[in-house]
Amino acid sequence: MLRGFLVIFLLCAIAIVAVFGFRGERSTAPPTEVFPDMVRQMKVRAQAPLDLFADGRGPRLPVAGTVPIGYEMPKAGKGESPAAQIGPWSHPHADFGAGTDYYNTGKMGDHWGTGIPVPVTPELMERGQQRFNITCAMCHGATAAGNGITKQYGLATVVSLQDERIRKMSDGEIFNTITNGKNTMMAYGPNVMVPDRWAIIAYLRALQRSQNATAADVPEDRRAELEKQ
């Protein structure tokens, strides 16, 4: 009995010395994890490619007809317009796009169209700023210069929306990009309602104008004030 205990004790001592004897040594091999506790998992990361699907994208589009949390489709009540049903700013055609006209596709015939097909009001611009900051700013930056927080974490493919190419791009093509995505940018059509897409575009055009403004853009009655500054 004593001999067996001594053998077991000796083997344990050798094992302990062998394990702790390698502490401090460097190795290129990954460490051995006895209990990883699901720290590393096989999962699809946001915007990561995946060969499992034909389109090569990991994230999947929502099921058709899915409505994001916080949205309600306008339902005209008794003596009430649809726009009044969904908040302080809306549009009577608040949906996720079902038509084939310019308002729903950004196309005029076979070509991308230009123009904001909803009234450009202070409420629209405020809504566009809100939606832009929620949906777009994390990648494209608060001024659309392509310097959002995601770029600091390695997403190097984000383009600057202040680029001359984007500034000259038609409104309809930008609408299509928001709707269907492009390259590493996911499609926001299932998440952003059609009038919100146009509100974002209207606000983006204001951002582009503000970052590329000249003295001629300042009203004459304010130019003296600008020169003093």
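Biologist: What does Thr177 touch, not counting residues up to four places away in sequence?

Modeller: Thr177 touches Lys182 and Met185. Contact means heavy atoms within 4.5 Å. The model is a predicted one.

Biologist: Why is Thr177 called buried?

Modeller: Its relative accessibility is 16%, and buried means under 20%, so Thr177 counts as buried. Thr177 lies in helix H7.

Biologist: Which residues lie nearest the centre of the largest pocket?

Modeller: They are His140, Val159, Leu161, Thr177 and Met185, out of 25 lining residues. The elements that give two or more residues to this lining are H3 (122-135), H4 (137-140), H6 (164-167), H7 (171-180) and H8 (194-211), each of them a helix. H7 gives the most, with three residues. The volume of the largest pocket is about 540 Å³.

Biologist: How do the residues of that lining divide into nonpolar, polar and charged?

Modeller: In the largest pocket, 16 are nonpolar, seven polar and two charged.

Biologist: And what is known of the second largest pocket?

Modeller: Its volume is about 310 Å³. It is lined by 18 residues, and Arg57, Gly58, Pro59, Met186 and Ala187 are the closest to its centre. This lining divides into eight nonpolar, seven polar and three charged residues.

Biologist: What makes Tyr102 and Trp198 an aromatic pair, and why is the pair called tilted?

Modeller: Ring centres must lie within 6.5 Å, and here the distance is 5.2 Å centre to centre, so the two rings pair. The planes are 50° apart. Under 30 degrees would count as stacked and over 60 as edge-to-face, therefore this pair is tilted.

Biologist: Which parts of the chain does the pair link?

Modeller: Distant ones: Tyr102 is in helix H2 (residues 102-105) and Trp198 in helix H8, 96 residues apart.

Biologist: How do you know whether Tyr102 and Trp198 are buried or exposed?

Modeller: The relative accessible area is 12% for Tyr102 and 0% for Trp198. Both values are under the 20% limit, so both residues are buried.

Biologist: Which residues form one aromatic cluster?

Modeller: Tyr102, Phe175 and Trp198 form it. The count of aromatic pairs comes to three.

Biologist: Why is the charged end of Lys107 said to sit over the ring of Trp112?

Modeller: The charged end is 5.1 Å from the ring centre. The rule asks for NZ of Lys within 6 Å of the centre and within 35 degrees of the ring normal. The distance is therefore inside the limit, and Lys107 is listed as sitting over the ring of Trp112.

Notes:
Residues numbered from 1 in each chain as written. Predicted model: local features only at pLDDT ≥ 70, side-chain atom pairs only at ≥ 80, totals over all residues. Heavy atoms only, no water. 1 Å grid on protein atoms, 1.4 Å probe; cavity = no way out; pocket = protein on both sides within 12 Å on 5 of 7 lines; lining within 4 Å. Points joined across faces, edges and corners; volume = space filled by probe spheres on them. Helix = DSSP H or I, 4+ residues; strand = E, 2+ residues; numbered from the N terminus. Nonpolar A, V, L, I, M, F, W, Y, C, P; charged D, E, K, R; others polar. Phe/Tyr/Trp six-rings, centres within 6.5 Å; stacked < 30°, edge-to-face > 60°. Buried < 20%, exposed > 50% of the residue type's maximum accessible area, 1.4 Å probe, protein only.
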